[in-house]
Amino acid sequence: MRIKREIRIVGFDDGPFIPRSKGRTIIVGVVFRGGDFLDGVLKTEAEIDGMDATQKLIDLINNSRHKPQLRIIMLNGITTAGFNLIDIKELNEKTNLPVIVVNRKMPNLKKIEKALKHFKDFEDRWNCIKNAGRIYRMRIEKNKYLYYQFKGLKRNDVEKIIRLSCTRSLIPEPLRVAHLIASAMIKGESGGRA
């Protein structure tokens, strides 16, 4: 893959919600050229602790006017709206776009598995975790790391894209801005760390 400085990335993060509540929460996507220019904003909703987030993102991306320019989907973790898991393998296959998942901290898979066992559809949810593949660690600065997973790219390309898009903080700009917008849409102002 040729990685241009202004590669179009759509980054997604969910809005804040009350844990273990019923209802829906927003998922905001921002379209960025690399880590420098915001080109657009997308929005959908997902059921809190549901299993509709993957399909919601597929529909949102495939029906977006931005789709022809998009080259990468970036997610702030594979869980959204509580334990509504995103199957990045399915997302990659049904949008025909590579997917990069970024986490600030190493996900605790044992803790996640224990929490998911409370759901009747544990196997489906655990398959989303397995489909995300191995978790890699990437040094961003001295003693500062990000953790990532991916589908549809080579590992060295993933790291180039993450570095290219980390222009204002240790988090890729599409994810940082999606987080700010999503929290502002729910709380009235942005806050918290991406």
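Trainee: Is Asp-36 buried, partly exposed or exposed?

Mentor: This is a predicted model, in which local features need pLDDT of at least 70, side-chain atom pairs count only at pLDDT 80 or more, and totals for chains, interfaces and linings use all residues. Residues are numbered from 1 along each chain as its sequence is written, and side-chain values use heavy atoms, with hydrogens and water left out. Buried means under 20% relative accessible area, exposed over 50%, and partly exposed in between (1.4 Å probe, protein chains only). Asp-36 has a relative accessible area of 22%, so the residue is partly exposed.

Trainee: Which residue meets Asp-36 in a salt bridge?

Mentor: A salt bridge requires a side-chain nitrogen of Lys or Arg within 4 Å of a carboxyl oxygen of Asp or Glu. For Asp-36 the N to O distance is 3.0 Å, and the partner is Arg-5.

Trainee: How many residues apart are Asp-36 and Arg-5?

Mentor: Asp-36 lies in the loop between strand S2 (24-33) and strand S3 (37-47), whereas Arg-5 lies in the segment before strand S1 (8-14). Strands are DSSP runs (E, at least two residues), numbered from the N terminus. The pair links distant parts of the chain, and the separation is 31 residues.

Trainee: Is Arg-125, the salt-bridge partner of Asp-121, buried or exposed?

Mentor: The side chains of Asp-121 and Arg-125 meet at 2.6 Å, N to O. Asp-121 is partly exposed at 25% relative accessibility. Arg-125 has 3% relative accessibility and therefore counts as buried.

Trainee: How many salt bridges does the count come to?

Mentor: One of the salt bridges joins Asp-39 and Arg-33, with the closest N and O atoms 3.0 Å apart. By the stated rule, the count comes to 11.

Technical notes. Helices (H or I, at least four residues) and strands (E, at least two) are DSSP runs, numbered from the N terminus.
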